[in-house]
Amino acid sequence: MKDILVIGAGKIGEMITAYLAESGDYRILVADRDQAQIDRLPQRPNVRTAVIDVTAQDQLIEAMHGKFAVLSAAPYDVTRHVAQAARLASAHYLDLTEDVATTRLVKTLAVDSDRAFIPQCGLAPGFISIVASDLASRFDTLESVRMRVGALPIFPSNALNYNLTWSTDGVINEYDEPCEAIVGGRLCEAAPLEELEEFSLDGVRYEAFNTSGGLGTLCETLAGKVRHLNYKTVRYPGHRDIMKALIQDLRLGQRRALLKDILEFALPATMQDVVLVFATVSGQRDGRYFQETYANKIYGAEVGGVQRSAIQITTAAGICAVLDLLAEGSLPQQGLVRQEQIPLDLFLKNRFGRAYGAPVVAQAEVA
C-alpha cells in the first residue's frame, strides 16, 4: 500500500479519493483549507483528512512527509504552492492544472529532481494529449494536429447552453488567458474565444473556439515537427458569443470574482453531462496524405453506488491512471513527465483509464 496525499476536497478531489480508496492499494490523506469541504467527505477505509492552509509551505511539507506522491486537485491559483512543497518534500507530484504559468513553474521545479513531476493529468490538458500523441506517432511527417474537447450538459436549458460541471475559476481562466498554438510551423500565442468554428457529430451541432491550457506541453514537444497544431473547447452554438460579451465587452475578465459570482448564482450544476473528446491528425504516411480521427463520448454514470458526472469521472480517472502507471514503474520516476510520454494503450488498459471506454478511430486518405 502506498501513502498518497490529495490536496483539495472538492468535486474532483472527492472523486479521486473514492477511486483510490476503493482500489485497496492506497492509503490517502485528503487535505483542504476549508473545514466544510472536509466535513462533506464520506467516511472510507484507508482515508484520513486534515485541514491545512495550502499556501503555508511548512504545513504542506509536513503533510507530504513520507508520502509516495501528492495529487493536487486544488484551484489553479494555489497549485504552485503544492508543487513547490512537493519538490522540497521529495514526493512525486501530479496535478490537474490547465494554467500555463503554473505548468511552466512545474517544469522548472522538475529539473534535476529525484522524483517525477507530472502536470496536467486530467482530461484537457491530459488525456487529449495522450490521444493526439498516439495518432501523431503513426505518421512519417505531420501536417496538422487538431484537438477538441468539451464537457457539456445533455439537456441545456438556458441561453448559454451550459451548466456548471467543474471549477468556475478554471472555466474563466481558460476563457481569458492567451492560448498556445503552432501556425505555419511557428509557435505562437492566439487570443482566447477566437477562431470560432462549427461542426456536427452524431447529428448534434457544436461550436469550438480557442481556450487556454488545453495543449499542455504538446506545443513544445511537436515544435518543428508539425505545421499546424491547436486546441479548442467544444460548446453548443451561441455559448461563445455570450461569454465573449461578458468577459471582453463588459470587461468582467478584469473582475473575475464578480463574474464567478454571477455564473454560480445563475447557472445550476448538473450530473447529467457528456464529455466529448475529438482529435484529428493529418500528414504523410507511406507516400500518401493521410488522416486519422479519434472520437469519443463519455457520460455521467453511477460509480460505487454514487451518481457521478462525466467530467468528474474523466478528470479523476485520468490522474488516478497516471498514478497507477507511476506506482507500477511504467513511467519515469524522476524529472518532468509529459502527458504525451504516456502510451495510450497502457492508459486505456489501466483499471482507472478504462473509464474512458472504447473510442472510434477513423482513417481516411485525403485527396
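## Cavity, pockets and local features

Two helices, helix 7 (168-176) and helix 9 (239-249), each supply at least two residues of the lining of the largest cavity. Helices here are DSSP runs of H or I with at least four residues, strands are runs of E with at least two, and both are numbered from the N terminus. The model is predicted: local features need pLDDT of at least 70, side-chain atom pairs count only at pLDDT 80 or more, and totals for chains, interfaces and linings use all residues. Residues are numbered from 1 along each chain as its sequence is written, and side-chain values use heavy atoms, with hydrogens and water left out.

**Enclosed space**

Rolling a probe the size of a water molecule over the atoms shows where empty space is left. The search runs on a 1 Å grid over the protein atoms alone. A cavity is a set of points where a 1.4 Å probe fits but cannot get out. A pocket is an open set with protein on both sides within 12 Å along at least five of seven lines. Lining residues have an atom within 4 Å of a point. Grid points are joined across faces, edges and corners, and a volume is the space filled by probe spheres set on the points.

How many cavities of 30 Å³ or more does the whole structure hold? The search finds one. The largest cavity holds about 40 Å³ of space. Its lining consists of Leu 160, Tyr 162, Leu 164, Val 171, Tyr 175, His 239, Met 243, Leu 263 and Leu 267. By class, eight of the lining residues are nonpolar, one is polar and none is charged. Ala, Val, Leu, Ile, Met, Phe, Trp, Tyr, Cys and Pro count as nonpolar; Asp, Glu, Lys and Arg count as charged; the others, Gly among them, count as polar.

The largest pocket has about 1100 Å³ of space. Of its 48 lining residues, Ile 12, Ala 73, Pro 75, Trp 166 and Ser 167 are the closest to its centre. Helix 7 gives the most to this lining, with four residues. Other elements that each supply at least two residues include helix 1 (11-23), strand 2 (26-32), strand 7 (141-153) and helix 11 (310-327).

The second largest pocket has a volume of about 350 Å³. It is lined by 29 residues, and the closest to its centre are Cys 179, Glu 180, Ala 181, Leu 215 and Cys 219. Which strand gives the most to this lining? Strand 8 does, with five residues. Helix 5 (100-110), strand 9 (186-190), helix 8 (218-222) and strand 12 are among the elements that each supply at least two. Strand 12 (228-235) also supplies at least two residues to the largest pocket.

| Pocket | Volume | Lining by class |
|---|---|---|
| Largest pocket | about 1100 Å³ | 20 nonpolar, 15 polar, 13 charged residues |
| Second largest pocket | about 350 Å³ | 11 nonpolar, 10 polar, eight charged residues |

**Cysteines**

A disulfide is a covalent bond between the sulfur atoms of two cysteines. The cut-off used here is a pair of cysteine sulfur atoms within 2.5 Å. The structure holds zero disulfides. For Cys 188, the nearest cysteine sulfur is that of Cys 219, 7.7 Å away. Buried or exposed is set by relative accessible area: buried is under 20%, exposed is over 50%, and partly exposed lies in between (1.4 Å probe, protein chains only). Cys 188 is partly exposed at 26% relative accessibility. Cys 219 is buried, with a relative accessible area of 1%.

**A buried asparagine**

Asn 296 sits in strand 14 (residues 288-299). It counts as buried because its relative accessible area is 5%. Its side chain makes a polar contact of 3.2 Å with the side chain of Tyr 294. A polar contact is a pair of N or O atoms within 3.5 Å; within protein, one must be able to donate a hydrogen and the other to accept it, and residues adjacent in sequence count only if both atoms are side-chain atoms. A polar atom of the Asn 296 side chain also lies 2.8 Å from the backbone oxygen of Tyr 356.

**Backbone exceptions**

Most residues other than glycine have a negative phi, and most peptide bonds are trans. The peptide bond from Ala 124 to Pro 125 is cis, with omega near 5°. Pro 125 lies in the loop between strand 6 (116-118) and helix 6 (127-136).

Ser 90 has a positive phi, near 60°. It lies in the loop between helix 4 (79-89) and strand 5 (92-95). Ser 90 is partly exposed, at 25% relative accessible area. Arg 251 has a positive phi near 60°. Arg 251 is placed in the loop between helix 9 and helix 10. Its relative accessible area is 53%, so Arg 251 counts as exposed.
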